[in-house]
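Subject: Handing over the structure

Hello,

I am passing this structure on to you, and below it you will find my notes on what turned up in it. Please keep the sequence beside you while you read.

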Amino acid sequence: MGKRAALATYDKEFSFVSPVVKYLLFLFNLIFWMISMVLMSVGIYARMMKHAEAAMACLAVDPAILLLIVGVLMFFITFCGCVGSLRENICLLQTFCIFLTIIFLLQLAAGVLGFVFSDKFSCCGGVTYTDWSQNMYFNCTTDNRSRERCSVPFSCCLLSKDEAVINTMCGQGMQELPYLQAGAFIHTNGCIDKLVNWIHSNLFMLGGIALGLAIPQLVGILLSQILINQIKDQIELQNYNLQHRTDPWQ
């Protein structure tokens, strides 16, 4: 009853939908819609400039394909945002908001997984290389019949540019060697310390990247949710006016 009484105080010309929010969300999506067009154009141009054989050989890791995929996804998402904001379409706005939220969460997960599984820190194990003994395949217990017993993964190995053939079994039996001897073949320092030191030395860069990627997404999610709520309130007001309009014959 309280909300209905509040609705009754507004006249028929009143609108809950704020033009500022509406056109700000449209402008936000329009900018990224144009960026998506540029990405798709660059991707298509790059694919056309490559020879067919070379393009097919590296199709899975072709940057042009990645640009096309990102461009198409951005085009679809920003199209929903542009049309949804102009037409005040709740379905399109919710689609835009859901996709943007999913991308934000995937981006966050990718950052965490990148830290966890990256081998660019030249490390092995959590604290030291023998931590791999906690793995059921690499543990050094006598009852372990695995062929990888007392070994470490290939990502722990020290690779030389002079090697013509890469030895993928270079981590075989490394946990049985003393620290200094193992250090001639694999990285013996743990990843936790290296990761912590790297984060400490790159805090400003990481913070800038995180803010640069997160702020536009969070702004888009916030604006779309505000506009969705305003549209719902406007629909409720219109329904109320239809139910309580005065009789024209009186």
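The largest pocket holds about 450 Å³ of space. A pocket here is found on a 1 Å grid over the protein atoms alone, as an open set of points where a 1.4 Å probe fits, with protein on both sides within 12 Å along at least five of seven lines, and lining residues have an atom within 4 Å of a point. Grid points are joined across faces, edges and corners, and the volume is the space filled by probe spheres set on the points. Of the 18 residues lining the largest pocket, Met74, Ile77, Leu100, Ile103 and Gln217 are the closest to its centre.

Please bear in mind that this is a predicted model, in which local features need pLDDT of at least 70 and side-chain atom pairs count only at pLDDT 80 or more, whereas totals for chains, interfaces and linings use all residues. Residues are numbered from 1 along each chain as its sequence is written, and side-chain values use heavy atoms, with hydrogens and water left out.

At least two lining residues of the largest pocket come from each of α2 (19-49), α4, α5 (90-117) and α8 (203-243), and the largest share, 6 residues, is supplied by α4. Helices are DSSP runs of H or I with at least four residues, numbered from the N terminus. By class, the lining has 13 nonpolar residues, 5 polar ones and no charged ones; Ala, Val, Leu, Ile, Met, Phe, Trp, Tyr, Cys and Pro count as nonpolar, Asp, Glu, Lys and Arg as charged, and the others, Gly among them, as polar.

Helix α4 (residues 63-87) also contains Thr78, which is buried at a relative accessible area of 5% (buried means under 20%, exposed over 50%, and partly exposed in between, with a 1.4 Å probe and protein chains only). Leaving aside residues up to four places away in sequence, Thr78 touches Asn29, Phe32, Trp33 and Ser36, where contact means heavy atoms within 4.5 Å. The C-alpha atoms of Thr78 and Phe26 are 8.9 Å apart, although 52 residues separate them along the chain.

Glu88, with phi near 55°, is in the loop between α4 and α5 and is partly exposed at 30% relative accessibility. Cys150, with phi of about 65°, is in the loop between α5 and α6 (179-182) and is buried at 2% relative accessibility.

With best wishes
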